[in-house]
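This report describes selected features of one protein model, from its overall build to individual contacts. Please consult the sequence and the structure shown below while reading.

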Amino acid sequence: MDRSIIKTGQLVKEYHIFDHPFERLKELFFRKKEHKVFRALGPLDLEIHKGETLGVIGENGAGKSTFLKLVAGVIEPSSGSISVDGKVSSILELGTGFNPEFTGRENVLLNGTLHGLSEGQIAARMDRMEKFADIGEFFDMPVKTYSSGMYMRLAFSLAVHVDADIIVIDEALAVGDGAYEKKCIDRIWELKRKGVTLLYCSHSLYTVASFCDRALWLRQGRAESIGRTTEVISLYENYLREKENREKEEAPPSIDAVEPKVAMVKNIMLRSAGYPVQLSLKSSSDLEVQMSFEILEDVEIWLGFAIDRNDGLCCFADSMVRQGMPPFRGQGEKTASVIFRNLPLLGGAYKVVVFLLDNTGICIFDRKESPSFIIETDEKEWGVCRLPYEWKR
């Protein structure tokens, strides 16, 4: 990653929105503004290096597809600049790039030529592309007869066989079975090793975290965060959780509302080496979870906790009930701590969930999630935790 291959400066894309088609004619003939301006993206300043894999994340309507289309040259910016130094191959939304009346083979011939390949080069790769797409006899049938899955298979096969310097992928892995997805991911890893620059947009944060060097979080067309993938994903997931909590609080009370809480979690504080955990801590560090809660009624309360990865996977959970510990009694505010020595979690984003339980450990009086924290490791690792083991031959 020695030089910039994509660079934007105050990049903006806007669309003119008309309430009625007739207003477009009125504006054209009477020179009177009849449209509203919708800013889909920008201003955006971004630099992507050669060989880098950038994940693009955000909610629907955040400007992700708009940005990818600008990189691919499908649309032009309204203002600002974007420079792309290299040949781009893209897999965008359904319907982009293929003639529906042509067969899959004919579309490969046409698009291969547009990507600068000679007829001989296309012919030499045709069998590989047909085999990779794996759509059988549909390869020689009109694209308009394809399902969305077949379309994406053809688009992906073409995109990864045209010797592009930059490949833009917009949710292509969301369509297809597990075997096809594995084949696509294997091909992406191969392209990464060859130094191809990849822009990958997906709602699958686990996939983004798995093979993207950096991430760009777009929110309402602007860059909310750009940086290390795990850090950006953690910030984004915190935002989604806070948004969900706000929506729950603002929602009108249900007709079938449950009885008032008898106890509630007040606060969760994460500390390591005597200091609050701001965002991250090193792997194998000690972690102390300090919990405060309030008992509102004359009930007995047992504490429980879980450590969840940010994609929802529960890594470990336990409770005072299971450990046979006595409960907390009496109304008022209480505190407790759980200390993990040499926390064996591998690199990634995690959160602690605290539960207030009854004596069965099944009834949950209240629960609360901590902010996400990131476990930092020096090397790429796979899995959830570090287990002691030895090789034997």
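A residue is called buried when its relative accessible area is under 20%, exposed when that area is over 50%, and partly exposed in between, using a 1.4 Å probe and protein chains only. The model is predicted: local features need pLDDT of at least 70, side-chain atom pairs count only at pLDDT 80 or more, and totals for chains, interfaces and linings use all residues. Residues are numbered from 1 along each chain as its sequence is written, and side-chain values use heavy atoms, with hydrogens and water left out.

**Overall build.** The protein has 393 residues, of which 44% count as buried. Its C-alpha atoms fill a box of roughly 80 × 75 × 40 Å along the principal axes. It contains 8 helices and 19 strands; these are DSSP runs numbered from the N terminus, with helices (H or I) of at least four residues and strands (E) of at least two. Contact means heavy atoms within 4.5 Å. Among contacts between residues at least 6 apart in sequence, 72% join residues at least 24 apart.

**R125 and helix α4.** R125 belongs to helix α4, residues 119-133. With a relative accessible area of 12%, R125 is therefore buried. A polar atom of its side chain lies 2.8 Å from the backbone oxygen of H161. Beyond its neighbours within four places in sequence, R125 is in contact with L117, H161, V162 and D163.

Helix α4 also packs against helix α5 (residues 148-159), at an angle of about 140° and with the axes 8 Å apart. Here axes are lines fitted to C-alpha atoms over the stretch in contact, and angles run from 0 to 180 degrees between N-to-C directions. At this packing, M129, F132 and A133 of α4 meet R153, L154, F156, S157 and L158 of α5. By class, the residues in this contact are 6 nonpolar, 1 polar and 1 charged.

**Strand β10 and its partners.** Two strands pair if DSSP finds at least two bridges between them. The pairings of β10 (residues 263-272) are listed below.

Strands β10 and β11 form a hairpin with 2 residues between them. In its turn, A273 has a positive phi of about 55°.

Notes
A polar contact is a pair of N or O atoms within 3.5 Å; within protein, one must be able to donate a hydrogen and the other to accept it, and residues adjacent in sequence count only if both atoms are side-chain atoms. Ala, Val, Leu, Ile, Met, Phe, Trp, Tyr, Cys and Pro count as nonpolar, Asp, Glu, Lys and Arg as charged, and the others, Gly among them, as polar.
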